[in-house]
Amino acid sequence: MPLNPQRTIDELKELRALTSDEQGAQRVAWTDTWLKAREWFASKLTGLPVEHHYDAAGNNWVTLPGASDKSLLIGGHLDSVPNGGWLDGSLNVLAALEVLRRFNEEFRGKPPVTIRVVDWADEEGARFGRSLLGSSAFAGTHSIAADRVRTDRDGIKLEDALRRCGVDIDRFPEAAAERKNAAAYLELHIEQGPVLERLNLPLGAVLGTKGVERHLITFHGQEAHSGSTPMQDRRDALAAAAKLALEIRNIARKHPDAVCTMGSVKTFPGIVTAVVGRCEATLDQRDLDPQVLAQMFREAQEASRRFAEEEKCTVEWSRIWNIEPIAFHPMLLDLCEQSIREVSGTSHRMPSGPLHDAAEVSRAGIPTVMLFVQSLRGISHNKIEDTREDHLALCVQALDRLASKTAAWILHNS
Ligand SMILES: [Zn+2]
C-alpha cells in the first residue's frame with residue numbers, strides 16, 4: 001500500500017497510550033516521557049533506508065536521500081504541553097513519516113529529491129517559557145545568553161535540563177548546518193481554533209503566522225482609603241485599565257482576523273479597602289497584516305492615554321516581546337490549496353494565530369507553507385483536543401499530495 005493514513009491514526013493512538021495519563025499527553029520537552037516518545041519514534045524507522053540523527057539543538061532528523069541533494073523538509077514536534085492533547089505536534093511528525101514511507105516505496109528508496117522529516121525540540125516552551133527553541137536554533141534567530149538563564153518551576157536551569165538530554169546550549173549555532181540544501185518546508189497542524197469547524201471544512205491552507213505585539217501597560221493613580229475618599233476625588237488606576245480592556249475589543253473588531261487580549265491584570269495594593277493606586281495589565285495583539293498590527297498598537301496606546309486622563313492617572317508602556325507577521329510562500333500556498341481541493345473538493349485560506357516552527361523556518365528564508373486540519377470544538381492544549389478520524393485521513397492525503405507537488409516544484413527550480 002503506497003500511502004496508509006490509517007497507519008498514522010494507529011500510531012498516534014499508540015503514542016498516546018505510551019505517553020499520556022488520565023490528564024492528557026505528558027510529552028513535555030526535556031523530560032523522560034518526551035525522551036520515551038522520541039525513542040518510540042526511532043523504533044518506527046526500522047527497515048527504512050534512512051539516516052537518523054539529533055542536531056546540536058536536539059532537533060530530530062530523519063533523512064531519505066534522493067536523486068537530488070535538494071531537500072524537502074516536513075516537520076512537527078513530539079513535545080506537548082503538560083496535560084496536552086494527542087494531536088498537537090505529533091500528527092505533523094507521524095504524517096510526515098507516512099509521506100516519507102510513501103516516497104520510499106514509490107521510488108524504491110531513491111525519491112527525486114531528498115526527503116527529511118524533522119521533529120523539532122521544544123516547540124511548546126512549556127517548561128522554560130521559551131517556545132520554538134529548536135527551530136530558532138536552526139533558523140539562527142536564537143540567543144544563547146537570553147535562554148541559558150531560564151529556569152523551570154523547580155529552579156532547574158534550562159542549560160542543565162538540556163545537558164541531561166545530551167544537548168549543550170553553547171553548541172546551538174551548529175544546528176544551522178541543517179539548513180544546507182533545504183529547498184522547502186511543509187508543516188501540517190491541527191487548527192487549534194474553531195474556524196474550519198464553523199465553515200464545515202476539513203482542511204485549510206495557511207497564509208502565514210500572525211505578528212504579535214505583547215506589552216505591559218502600567219496605570220498609575222493614587223492609593224487611597226476606600227471609605228474616606230469621595231468618588232470624584234479618586235485616581236483609580238483599575239478604572240482606566242478596565243476601560244482599556246473593553247476598548248481593545250473594539251480596536252480588534254475593525255479587522256476580520258485581528259485579535260487583542262488583555263490576559264493579566266494586577267492591582268496594587270490589591271486589598272479590599274483601598275482604591276487601586278497602580279494597575280499592571282498585559283496586552284497581546286495579533287494580525288497577519290503588519291499595517292493592521294501597527295494601527296492596532298497605535299490605537300491601543302492612544303486609548304490608554306485618553307482613559308488615563310479621564311481617570312486622572314498616568315500610563316506607561318513597556319514591550320514584553322514582539323514578532324513580525326510571517327507570510328508563507330505564495331507558490332507553495334497555491335500548491336497547498338490545489339492539494340486540499342484534490343482530496344476534499346474545496347479549500348479555504350486562513351492565517352494562523354498561534355506561532356509554529358514553520359514561522360522560524362520561513363524566517364530563515366526557506367520557502368514554507370502550512371496545512372491546517374479541523375479541530376473539534378476548536379480546543380487544543382487540553383486532553384479533550386480531537387479531530388474526526390476521516391479528517392485525519394484526509395489531512396495525511398493532502399500533505400502527501402502537497403509533498404509530491406513541492407518536490408516537483410523544487411526540481412523545476414533547481
Ligand atoms: Zn503544535
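1. Two strands are taken to pair if DSSP finds at least two bridges between them, and strands themselves are DSSP runs of E with at least two residues, helices being runs of H or I with at least four, numbered from the N terminus. On this basis β9 pairs with strand β15 (residues 314-323) in the antiparallel sense over 9 bridges, where T218 has E316 as its bridge partner.

2. This is a predicted model, in which local features need pLDDT of at least 70 and side-chain atom pairs count only at pLDDT 80 or more, while totals for chains, interfaces and linings use all residues. Residues are numbered from 1 along each chain as its sequence is written, and side-chain values use heavy atoms, with hydrogens and water left out.

3. Strand β9 (residues 211-220) also pairs with strand β14 (residues 278-287), again antiparallel, over 10 bridges, and R214 stands opposite D284 in β14. Because 7 of its 10 residues are buried, β9 is largely enclosed by the rest of the structure; buried means under 20% relative accessible area, exposed over 50% and partly exposed in between, with a 1.4 Å probe and protein chains only.

4. The zinc ion is coordinated by H77 (NE2), D88 (OD) and H189 (NE2) at 2.1 to 2.2 Å; donors are N, O and S atoms within 2.8 Å of the metal (3.2 Å for Na, K and Ca), and since water is not among the atoms, sites may look incomplete. D88 lies in the loop between β5 (68-76) and α3 (90-106) and H189 in strand β7 (residues 182-190), so the pair ties together parts that are 101 residues apart in sequence. Both D88 and H189 are buried.
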